Amino acid sequence: MKRLCKRLISIITILALLSLCIIPAYATINGIFLGSDENGVNILNDKLRPGDEYYFPVLIGIDAIAPTQLTSADLERSKLEVRVVTGGKAIASAKVEEKNGLVYVCIIPGSKGTVQELTSTIRVNYRNRDTGDNITVTPAIKVGYPAMPEGTVEALEPGEFLELDNLTPIVSAKQWNALAELNEYRDVTLSGFGWRYTVNTTKLGKRNMVTDHHPVMDLVKKYPNHQMHFIGFPGEPDFEVPGKLWLDVGAFAEEYKEDFYLYRCAYGKIYPLKFDYDKDAMEISFRPSQLSTYVITDKRLDTSTSSSQPDSSTETLPPAENPNTGESRTFPALLVALVSLAGLGALTRSRRS
């Protein structure tokens, strides 16, 4: 009997949700919310990664019934605005986006080089011309990278490489010191995808070891006939003493005919660098103390005037295609919204008399 009752309640709930197509003029709007994105990221509870792109569905609570996603049709009778209120450096972009008839708040966190957790506040305002509702919410957003797990260094043997990845790129002062102590304060080797770096890590503070391959678009546009390979360290970690950095060129050595030119991109300019080439290992090496953004080309570049700012908008994942057209709100989307609903902070609601 209990099982039957639960099924009946579920069926009634589903029918109620499916009946919500557009917001009627007589509806009472209880609030606006942001659902979790396609990967389950919750805007209030999860830390957003700098440089990534997030699409949070905008949900509307109507007549105390479960929230449903705002559609492009709804915006014909209402207006939705979003802007950054505080912590502007933490957010590179915040805007309203429509996709397949559904409405999202798209957020791209900034500060790709940060070692600390940053906070920002955005303001989302919804105004409905039919009902007179004017709803404003101001959620606080956390931006930053996860730290390398405790015990990672302790699991190594002396002389073993410390492998770094972009999932947990923040290395603490304690971990650097433990790595130095493990190797009797001699140089140690750090490694990642396509690179390795041998350097002394004694007395280092917290460093951001995230890497990317974002192109410097000004260079790409200026030299359309050049082959270019980029590797960047957005955190620009400074080790204070020179180390030896190896970059893997095996993937494009044949295409370049083993004729390489190496440049550092920094401060709005490019700087030519001398390097050694190991033909057998297909690696180039040089000795920087601070890691930066580098480009390897097959031809010389003009170093007199060039912009060297990496384009952070590239290599971001687009939102998943949603087959909904906006004519109706299907149950799967509503179910996801209910399971992963994120309220947008303090609610201010006003209505015309």
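**Exercise 1. Aromatic rings**

Find which residues form one aromatic cluster, then work through the ring pairs.

*Solution.* Start with the cluster: Phe252, Tyr256, Phe260 and Tyr277 form it together. This is a predicted model, in which local features need pLDDT of at least 70 and side-chain atom pairs count only at pLDDT 80 or more, while totals for chains, interfaces and linings use all residues. Residues are numbered from 1 along each chain as its sequence is written, and side-chain values use heavy atoms, with hydrogens and water left out.

Next, apply the pairing rule: rings of Phe, Tyr and Trp (its six-membered ring) pair if their centres lie within 6.5 Å, and planes under 30 degrees apart count as stacked, over 60 as edge-to-face and the rest as tilted. The structure holds 10 aromatic pairs. In one of them, tryptophan 176 and phenylalanine 239 have ring centres 5.7 Å apart and planes at 80 degrees, so this pair is edge-to-face. The pair links distant parts of the chain, 63 residues apart: tryptophan 176 sits in helix H2 (residues 173-182), and phenylalanine 239 in the loop between strands S16 (228-232) and S17. Helices (H or I, at least four residues) and strands (E, at least two) are DSSP runs, numbered from the N terminus.

Then check burial, where buried means under 20% relative accessible area, exposed over 50%, and partly exposed in between (1.4 Å probe, protein chains only). Tryptophan 176 is at 0% relative accessibility and therefore counts as buried; phenylalanine 239, with a relative accessible area of 2%, is buried as well.

Now take phenylalanine 286 and tyrosine 294: their ring centres are 5.2 Å apart and their planes stand at 70 degrees, so they too are edge-to-face. Both of these residues are buried.

Finish with a charge over a ring, which requires NZ of Lys or CZ of Arg within 6 Å of the ring centre and within 35 degrees of the ring normal. Arginine 196 lies over the face of tryptophan 246, at 4.2 Å from the ring centre.

**Exercise 2. A second hairpin**

Describe how S18 and S19 are joined.

*Solution.* Strand S18 (residues 261-266) and strand S19 (residues 269-273) pair in the antiparallel sense over five bridges. Alanine 266 stands opposite lysine 269 in S19. The two strands form a hairpin with two residues between them, where tyrosine 267 in the turn has a positive phi of about 60 degrees.

**Exercise 3. Two residues up close**

Is arginine 123 buried, exposed or partly exposed, and where is aspartate 133 placed?

*Solution.* Arginine 123 lies in strand S8 (residues 118-128). At 27% relative accessibility, arginine 123 counts as partly exposed. Its C-alpha atom is separated by 5.5 Å from that of valine 82, 41 residues apart along the chain. With contact meaning heavy atoms within 4.5 Å, and leaving aside neighbours within four places in sequence, arginine 123 touches Glu81, Val82, Arg83, Val85, Thr136, Val137 and Thr138.

Aspartate 133 is placed in strand S9 (residues 133-137), and at 1% relative accessibility aspartate 133 counts as buried.

Key
Two strands pair if DSSP finds at least two bridges between them.
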